Amino acid sequence: MIIEYEGAIGIKGSLLAFETVKGVSYGEKVFIRWKNKKLPGRVVELGEKVTLIEILGETEGIEVNTIRVRFTGKPFTIPVSERMLGRIFNAFGEPVDKLGSIVSSREEDINGKAINPAWRNFPNEFVHTGISAIDGLNTLVRGQKLPVFAVSGVPTDKLVAQLVRQIKIPGDNVKNAIVLGLIGIKYEVASNLIESIKGSGNFSQTAVFISLASESCVNNVLVPRAALTLSEFLAFEKEYDVVTILYDMTNYCDALREMSSRRDEIPGRKGYPGYMYSDLATIYERAGLIRGKKGSLTQIPVLTMPDDDITHPIPDLTGYITEGQIVLDRGLFKKGIYPPINVLPSLSRLMNQGITKLQRRWANQIYSAYARSKRVEMLAAIIGESELSDTDRKFLEFGRAFEKNFLTQSETEDRTLEETMKIGWQLLSLLPKAELTRLTEEDIVEYIK
């Protein structure tokens, strides 16, 4: 028998204050009905006398005295199935691509299940992206969480689409999947991005969850959790190697701040809730490898740094939880470089686990040479190139060639790791051999022509 309760006290935005009912639990899914309308919701705060319910939908026109609430006794769930690959869904796991509904006998809690740290395996396998600045110098490793720190004014959406099209995990597991969560994205951007992804041959192995900028902030909070719920099912139940890309996590954090403000919670840094660190951890820590499970979950959160500030709470807290960062640079983009990845502040903390010792020496030498070329570039701007030493001019030439030939590649160019390293060796050949102090004599003899 379905039981509906009366007891609405008041409503503020999408928050409904309701008299506490015995047996209700935090995060429980509910249905709110008034007149002939019905919307889902979830319990977001429990008090002795008052329960706060987040209404998941448009609340305009609700009359408090007509509200009835049905408590389901279950957490908020979405259906999960392998048939969800090749499809597009909203924040509630409902298809929005007009290709029919998904029949699934399985539903999972969007909050996931905590992974026992003792069950985790250490990430140690290379993940191919086809982008030289990542594969060669900031390698992504299977089971890692590696964020992209973007700035406004650069084509982040094109980079996201390229990652979805090209990313793959080499090895004997033929079951690969991409799950893309688009959070608070403008309709035009989302439409172009999805069309770009559909043009590739691997869309049949991609699932997209989307909330648009015009939708409720609640949907922005649900999308990454819905996307990761399907990812966990595919990775740890169906043995897929899954890569989950979440774009844009800044919109997620802004939605979290808006919801916190509605609840009259005490704000933390720059108005964001004090619990944002632990909240982000519940998303990022869902990546990894589990002992005894063949599948894996690799995560690439993408966020736009407010005011280009890497110390802003969003990138700052993200950096604490994740294992490095890929940093995009507007200055490189203005030079016509795509993707505009600034390799100097970028870092993959697990890179050494997924590459050979030769690539480590190669990457160290390129990092060292490019860093010196930037210092020489600053010196040349002061004293002029003609006053530089012959060696400094060689490093200046290296830096320019590095940006033109290594960093720059087209949106459709999918480089192998061998091609990336070949370009690097050719660039290092521009430098005097005496300056290649990060390489062994054997490396120089074999690769430097």
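Tutor: Let us start with a term: a residue is called buried under 20% relative accessible area, exposed over 50%, and partly exposed in between, using a 1.4 Å probe and protein chains only. This is a predicted model, in which local features need pLDDT of at least 70 and side-chain atom pairs count only at pLDDT 80 or more, while totals for chains, interfaces and linings use all residues. Residues are numbered from 1 along each chain as its sequence is written, and side-chain values use heavy atoms, with hydrogens and water left out.

Student: OK, how many salt bridges does the structure hold?
Tutor: There are 30 salt bridges, each being a side-chain nitrogen of Lys or Arg within 4 Å of a carboxyl oxygen of Asp or Glu. One of them joins the side chains of E125 and R142, at 2.9 Å from N to O. E125 sits in the loop between β10 (120-121) and β11 (126-127), and R142 in the loop between β12 (140-141) and β13 (148-150), so that distant parts of the chain, 17 residues apart, are linked; helices (H or I, at least four residues) and strands (E, at least two) are DSSP runs, numbered from the N terminus.

Student: And is E125 buried, exposed or partly exposed?
Tutor: E125 is partly exposed, with a relative accessible area of 32%, whereas R142, at 9%, counts as buried.

Student: What about R225 and D279, buried or exposed?
Tutor: Both R225 and D279 are buried, and their side chains meet in a salt bridge of 3.5 Å, N to O.

Student: Which side chain does D392 meet in a salt bridge?
Tutor: D392 meets R372, at 3.3 Å from N to O. Because D392 lies in helix α10 (residues 390-407) and R372 in helix α9 (residues 357-383), the pair ties together parts that are 20 residues apart in sequence. D392 is buried, with a relative accessible area of 15%, while R372 is partly exposed at 24%.

Student: Changing topic, in what order do the strands of the open sheet come?
Tutor: The 6 strands run β1-β2-β5-β4-β3-β6, with antiparallel pairing, and two strands pair if DSSP finds at least two bridges between them.

Student: Which strands stand at the edges?
Tutor: β1 (8-12) and β6 (67-75) do, each with a single partner strand, so one side of each is left without a neighbour in the sheet.

Student: How many bridges join β3 to β4?
Tutor: 6 bridges join β3 (residues 28-34) to β4 (residues 37-46), which run antiparallel, and V30 stands opposite G41 in β4.
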